[in-house]
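Visitor: Please take one single part of this chain and look at it closely with me, setting it against the chain as a whole.

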Amino acid sequence: VSRPATAMPRSHTSAFRIEFGDCDPAQILFYPNYFKWMDIAALHFFNACGISSWRETKAERGIIGTPLIAASAKFISSATYPEHIEVDTSVAEKRGKSFVLKHVIRRGDTVLVEGEETRVFAIEDPDDPKRIKAVAIPEDILAQWM
């Protein structure tokens, strides 16, 4: 489901179901799962913006993906199984070669988590193939966000 966001023109919503194994012994959703779902939602967002797969971008442009350089979350309310949640993802900010994805995780109208991921588009470093190098956000992809 794609729909306009208030802060940025493009947003995407990803749906997930909380399973028993996602919870701690108290049957509360174990917090690292929120970061897992933010990561998955980021990929769904990129797909909604026309990026098919990182294998294709590597073959076509040399871009291997959008590595995470920072992540944060504000935990507002708890969740448990077998609840259904949604992650609303949008680009909150562009900062030179990096950008910030905003994720709002909710159960219905109840906000559970507000998270952010700072990412870059990256290629293999031509001087050291064991390292990666940030590159400018491709203009055609940036046009999909703005």
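Guide: Among the contacts (heavy atoms within 4.5 Å) that link residues at least 6 apart in sequence, 63% are between residues at least 24 apart. This is a predicted model, in which local features need pLDDT of at least 70 and side-chain atom pairs count only at pLDDT 80 or more, while totals for chains, interfaces and linings use all residues. Residues are numbered from 1 along each chain as its sequence is written, and side-chain values use heavy atoms, with hydrogens and water left out.

Ile-63 counts as buried because its relative accessibility is 5%, where buried means under 20% relative accessible area, exposed over 50% and partly exposed in between, with a 1.4 Å probe and protein chains only. In the chain as a whole, 39% of the 146 residues count as buried. Leaving aside residues up to four places away in sequence, Ile-63 touches Trp-54, Thr-57, Lys-58, Phe-121, Ala-122, Ile-123 and Pro-138. As for Asn-47, this residue is 16 residues from Ile-63 in sequence, and their C-alpha atoms are 15 Å apart in space. Around all this, the C-alpha atoms of the chain fill a box of roughly 50 × 35 × 25 Å, taken along the principal axes.
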